[in-house]
Amino acid sequence: MGNLIKAEFRKTLSLGLWWGLAIPAFVTALVFALSWGASVNDFNDFLGSSDAQELAMVLGIEVDKMPVGLLSLGRAINIGVFFAVLFGVTALANEYARKTISTTFLTAPNRASVLSAKMVTYIVWGLVYGLIAVIAASIGTVITVDSDGLPSAGQWFGIAGAGLLAGVLGSLFGVGLGAVWNSIAGPTVFLCVWMLLIENILVLVAFFSAEVTWLGGVLPNGALNGVVGSIGAEAFGAIGSSMAEQLDQIDEALRWGMQFFAGAPGAFSWWASALIFFAWTMLFFGIGWAANQNRDIT
């Protein structure tokens with residue numbers, strides 16, 4: 001197994017894709033944090049004076065003391081983590097496209113060991129992409145958000161840890177999807193269309209037409225975003241069992257709106273979101289595992 005893992009790292013490092021996606025991951029997360037941070041800095045204007053005052057009253061703090069930096073961090077980290085998913089998609093699909101999968105499977109004890117080695121390898125790469133997203137989001141947030149609106153050290157470490165976890169889960173989800181699809185273009189296009197467009201439309205339509213608030217928490221993109229975004233939402237009393245009293249005092253639409261602004265509409269808590277997305281990851285990984293046991297490698 002050790003040799004297989006070394007081989008996987010050599011393969012990924014020998015290709016330019018890892019830094020070809022790492023650079024836009026950093027830039028996109030930074031730009032998103034800069035723009036989102038500038039938007040939420042004046043929370044009264046961003047949310048609306050009455051809503052901002054209601055939240056401040058429920059939480060027992062002044063409006064200008066709200067940790068609005070968490071909204072910037074959550075949104076920016078989530079957009080950066082998306083590149084970890086894209087990177088994971090190439091784990092197996094790229095080898096089928098380049099026909100290098102034949103050597104990989106023929107020199108390994110069995111195909112299951114190859115997928116296991118890829119899982120370990122992409123856990124590490126997921127941590128790398130998660131760290132890139134956290135660093136870029138933190139830089140953009142510190143630059144644009146006033147000191148009073150920055151999160152506490154505990155909140156920052158919490159959302160940074162969630163970002164690393166999201167990076168790992170996202171990369172493994174991509175590995176599973178790539179293994180199922182056995183193509184680069186197909187799952188890449190599908191991911192972009194589904195995770196950035198279709199799922200968001202479904203969540204918005206479900207809320208505004210049927211007042212379904214939980215849909216975003218169970219779909220793949222929403223669950224992944226909820227790992228990070230729910231920490232910001234919880235800080236504003238919009239998510240979390242520990243905030244039960246505050247939740248009862250906040251209007252349902254305002255609560256969902258804060259979840260949306262935090263990047264986690266419909267999410268439950270960070271750990272529940274992680275478990276839900278892990279279930280999605282294992283579903284695709286299991287299907288991909290089964291599909292590749294007898295797939296033609298010529």
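**Close-up views of a predicted model**

**View 1. Where helices H9 and H11 meet.** Trp-194, Met-195, Glu-199 and Asn-200 of H9 are in contact (heavy atoms within 4.5 Å) with Pro-220, Asn-221, Gly-222 and Leu-224 of H11. Sorted by type, the residues of this contact are 4 nonpolar, 3 polar and 1 charged (Ala, Val, Leu, Ile, Met, Phe, Trp, Tyr, Cys and Pro count as nonpolar, Asp, Glu, Lys and Arg as charged, and the others, Gly among them, as polar). Helices here are DSSP runs of H or I, at least four residues, numbered from the N terminus. This is a predicted model, where local features need pLDDT of at least 70, side-chain atom pairs count only at pLDDT 80 or more, and totals for chains, interfaces and linings use all residues. Residues are numbered from 1 along each chain as its sequence is written, and side-chain values use heavy atoms, leaving out hydrogens and water.

**View 2. Arg-75 in helix H5.** Look for Arg-75 in H5, residues 69-98. Beyond its neighbours within four places in sequence, Arg-75 contacts Phe-32, Trp-36, Phe-260, Phe-261, Ala-262 and Gly-263.

View 3. Not counting residues up to four places away in sequence, Gly-88 touches Tyr-122, Ser-171, Gly-174 and Val-175. The C-alpha atoms of Gly-88 and Arg-75 are 21 Å apart, with the two residues 13 apart along the chain.

How values were computed
Helix = DSSP H or I, 4+ residues; strand = E, 2+ residues; numbered from the N terminus.
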